[in-house]
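I opened a new model today and kept notes as I went. The entries are in the order in which I looked things up.

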Amino acid sequence: MADKILVIEDEALVRDLVVLNLKHAGYEVVSESTFAGGATGLAQPGLSLAIVDVMLPGGEGFQLVRDARDAGVRFPMMMLTARSEVNAKVRGLDCGADDYLTKPFDVAELLARVRSLLRRAAGSVAAAPKALDLSGGFSIRFDTGRAMTTEGEVTLSDKELKLMELFSHNVDRVLSRADILEEVWGMDAFPTDRTIDNFIVRLRRLFEANPETPVHLITVRGRGYLFRP
Ligand code: CA
């Protein structure tokens, strides 16, 4: 099911740009353009994330985020701030926002931040599973690194474990190679896309009864990989 994102922004051009790009990326998107509308919008069920402008008709986005946190809202919230709004970062984080982006922003960066926030949220909710069971009798224990595979019981490498753990937090969600690089290898190492493909080939040999027609680690052409246990 697509994540539902609320966009609260009064500038129509910015709002349309964000909404269209999020929809194009496959999210369900709802939007509001005022402080009061935003307050109502944040209270609706089923939201996965909110993007909140600072200067809104009727009040400040900081207050919306603070009120939502006080009301028990746990999903990630990202502030949109104008460059002139000094200390916006500090104020945003103080009031309970998880991230902020300065206008004008790059759409690709906005989408990357959204993906990252959603992944982190999914990860914290799932709270690091101890084990992962896959159909076909395969399984992985994340605490010991031992796995039941086509080659019998083997010990996975740290990177293989991290990659499978990332997949296990993102069932049925496409992960781009860039997402995987960032989450598994971090920003300080620069393996190539080919490195990831090689890991996938290896993991398919271990966890797919028929690696040529994978049912767990599925290639989504032009986008990345999708995991189904
Ligand atoms: Ca505004």
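My notes on the overall layout, strands, helices, pockets and backbone follow.

**Entry 1: ground rules**

I am working with a predicted model, where local features need pLDDT of at least 70, side-chain atom pairs count only at pLDDT 80 or more, and totals for chains, interfaces and linings use all residues. Residues are numbered from 1 along each chain as its sequence is written, and side-chain values use heavy atoms, with hydrogens and water left out.

**Entry 2: overall layout**

I started with the whole chain. The C-alpha trace spans about 65 × 30 × 30 Å along its principal axes. I found eight helices and 13 strands. These are DSSP runs, numbered from the N terminus: helices are H or I with at least four residues, strands are E with at least two.

The chain divides into domain 1 (4–126) and domain 2 (128–227). The bounds come from an automatic or database domain assignment. I get 31 Å between the two domain centres, taken over C-alpha atoms.

Next I checked burial. Of the 229 residues, 45% are buried. Buried means under 20% relative accessible area, exposed means over 50%, and partly exposed is in between, with a 1.4 Å probe and protein chains only.

**Entry 3: strand β6 and its partners**

I then picked strand β6, residues 77–82. Five of its six residues are buried. Which strands pair with β6? Strand β3 (residues 49–53) runs parallel to β6 and is joined to it by four bridges. Strand β7 (residues 99–103) also pairs with β6 in the parallel sense, over five bridges. Pairing here needs at least two DSSP bridges between the strands.

I noted one contact on each side. M77 in β6 stands opposite A50. M79 has Y100 in β7 as its bridge partner.

**Entry 4: helix α2**

Helix α2 covers residues 35–42. Its buried residues are F35, G37, G38, G41 and L42. They lie on the same side of α2, because they cover an arc of only 155° around the axis. The arc is that of the directions from the helix axis to the C-beta atoms. On the other side of α2, I find A36 and T40 exposed.

**Entry 5: the largest pocket**

I ran the pocket search on a 1 Å grid over the protein atoms alone. A pocket is an open set of points where a 1.4 Å probe fits, with protein on both sides within 12 Å along at least five of seven lines; lining residues have an atom within 4 Å of a point. Volume is the space filled by probe spheres set on the points, which are joined across faces, edges and corners.

The largest pocket has a volume of about 660 Å³. It is lined by 22 residues, and A25, Y27, R173, V174 and R223 lie nearest its centre. The elements that give two or more residues to this lining are α5 (107–126) and α7 (177–185). α5 gives the most, with four residues.

By class, the lining has nine nonpolar, five polar and eight charged residues. Ala, Val, Leu, Ile, Met, Phe, Trp, Tyr, Cys and Pro count as nonpolar; Asp, Glu, Lys and Arg count as charged; the others, Gly among them, are polar.

Where does the largest pocket lie relative to the domains? Domain 1 and domain 2 both give residues to its lining, so the largest pocket lies between them.

**Entry 6: the second largest pocket**

The second largest pocket holds about 200 Å³ of space. Ten residues line it, and K162, E165, L166, H169 and E183 are the closest to its centre. α5, α6 (158–169) and α7 each give two or more residues to this lining. The largest share, four residues, comes from α6.

The lining of the second largest pocket splits into two nonpolar, three polar and five charged residues. I count at least three lining residues from each of domain 1 and domain 2.

**Entry 7: single residues**

L111 lies in helix α5. L111 counts as buried, at 15% relative accessibility. Its C-alpha atom is 8.0 Å from that of A25, 86 residues apart along the chain.

I then looked at backbone geometry. The peptide bond from K103 to P104 is cis, with omega near -5°. P104 sits in the loop between β7 and α5.

D172 has phi near 65°, a positive value in a residue other than glycine. D172 is in the loop between α6 and α7. Is D172 buried, exposed or partly exposed? D172 is partly exposed, with a relative accessible area of 46%.
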